[in-house]
Amino acid sequence: MNMKLAQVGILFDKSYAERHWRYGLNTFEAYIGEILGHAGIPCVWLNAPAELEASGCDIVIVACAEETARTAELLWRYAESGGRVVSYGGLDCLARKLGYRAAPERAPGYAELPAWADGAVPPLRWLQAKPWREAWGREAADDGGFAPATGFGTLHRGRPGGEPAGAALQRFAVGSGSIDRWAVDIASTVVGLQQGTKPVLADGIPAGDGTAPVDEGTLKADDCIELDWELDRLETETGKRYFAYPYADYWREAAIGHLLRLAVGAGLTLPVVDYWPEGVEGVAMFSHDSDINLDEHAARTLEVLAECGIQTTWCMIEPGYDPSYYVKIKEAGHELAFHYDALAEDDRIWDEAEFNRQLAWLKEAADIDSVASNKNHYTRIDGWGDLFAWCERSGIGIDQTRGPSKKGNVGFLFGTCHPYFPIAWADERNRLYNVLEIGFLTQDIDHWGLADFSVVPPFLEQVRRVGGFAHFLSHQNQIHGQPAVAAAVGRIVAEARSRGFVFWTSERIGNWERARRTVAFAGSGEGGALRFAGAPEAVGAVVWTPLGEAEAERAEGRRFGLPCAKYIVSN
């Protein structure tokens, strides 16, 4: 394949960002870099609009730039000369020149997007949007004074199918290039869905039907969610309510698919790295929180897992099991992880020194030198990024805390089933934490007071649809004490395997995610074929390279709705 690889740039004006941080304002727009990184798309960071002309970029995403006449001039000149400009809810400095005006921000709502991706996409919940309206005189103008505009998709106010609020995406032809403006701030919407839009400082709002009483007086991850109890939950045939859609993952697809189409439309290509290695169709995992810490609970759980033939992640809370059980857990190939306890009822506190004390206990008790993963007891969270910072400083590279604590908020309540690097608040200059979040979907299936097996098939279906992982939590004490919970573990394994899933531990998922992000273009081989390489651990990674429709007969698969050539990373 002789197509040139597109160069993508992200314009993030550092001096303008500094002004935001000085006043405690976030620049979550920069999270588009993490969205691209997860897709395996390399990018060049531009620190000021003046760097546009000499950047050599084919596509430039405007993440953060001051809305001035000078910025507008530089962006226009870049597009006129053949560049592709992309914005997510910005570019008001160009609105008048394009024949539009900015409208008041409207949030939240739902977007119907074009059928670009493979398979049906539900209306997507957005948190921040700024649609443009036609300026006076645009419709009557017939002198070609405004750039031609094409609209894609529709925003709806308040609810799916609600009052239209404008196009989701507008494309303006400018010179030999284009300006593509999404009305939705996709990066900030993804952040808000995954991490909330504010720190956890108070109880959340409970579900009106009584199925999710999150206002019980304990601060935790699900006190700050951005989904709607009525609009974003579905009901299974047994009457169990669940959050049905990984909206953040669908928004990732929309953003990446759009960039791929831009590249192909310009006669270029933009490779992406598949989420899992060659031969792996889907990944699932089980974690267990030791909680009550009775040895018979561990013994029964080891029996059930041996029958299922899977390795799982054991999150250990003080005081833990008899030391002999840690030996058995490790010998069976399971992962020993941390279960930090900050519950006041346990006489524990939210404090880094206490976090480190408990972690040191685990290392000594289990005779291990390092711990790869943590999940907080009762999904306890306070503030915004404290936990991630503590994990970083202690050498823990994975967190699992973001998941449901109630039977009525199981599912995709944080909008994702993908591993991701979370973003810090403005006080840390919105950096990315070097900790992968791998949240869970539900706990203790078929527990008498929680969700039943009816939620499992739709969970697995959505996870496969977006290429994520399915994380189930089952407590050792519930596996021991409730035969239905133990049986459900086997049923989940069988159901997942029938759909092509394999079972990994959290450490294996984290190691793979970090390894696949090292894959990069390594040049052309014999016959001009592209070559990709990465860290030794990335062997087996699959790279999909979009083709033009004229080359579709050469495709070995489709990704993001486009025909693609396939490359496998080898030694």
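I classed the residues lining the largest pocket and found 15 nonpolar, 11 polar and 6 charged. I note that the model is a predicted one.

Entry on extent. I looked up the space in the largest pocket and recorded about 680 Å³. I listed 32 residues along its lining. Nearest the centre of this pocket I noted E29, A63, G89, Q128 and D185.

Entry on elements. I then asked which elements give two or more residues to the lining of the largest pocket.

Entry on the second largest pocket. For its volume I noted about 560 Å³. I listed 24 lining residues here, and those nearest the centre are D274, Y275, R464, G467 and R559. In the second largest pocket, two or more lining residues come from each of β16 (272-273), α10 (456-466), β28 (542-546) and β29 (557-559). I recorded α10 as giving the most to the lining of the second largest pocket, with 3 residues.

Entry on residue classes. How does the lining of the second largest pocket divide into nonpolar, polar and charged residues? I counted 12 nonpolar, 2 polar and 10 charged residues there. For reference beside this, I repeat the division for the largest pocket: 15 nonpolar, 11 polar and 6 charged.

Methods:
Residues numbered from 1 in each chain as written. Predicted model: local features only at pLDDT ≥ 70, side-chain atom pairs only at ≥ 80, totals over all residues. Heavy atoms only, no water. 1 Å grid on protein atoms, 1.4 Å probe; cavity = no way out; pocket = protein on both sides within 12 Å on 5 of 7 lines; lining within 4 Å. Points joined across faces, edges and corners; volume = space filled by probe spheres on them. Helix = DSSP H or I, 4+ residues; strand = E, 2+ residues; numbered from the N terminus. Nonpolar A, V, L, I, M, F, W, Y, C, P; charged D, E, K, R; others polar.
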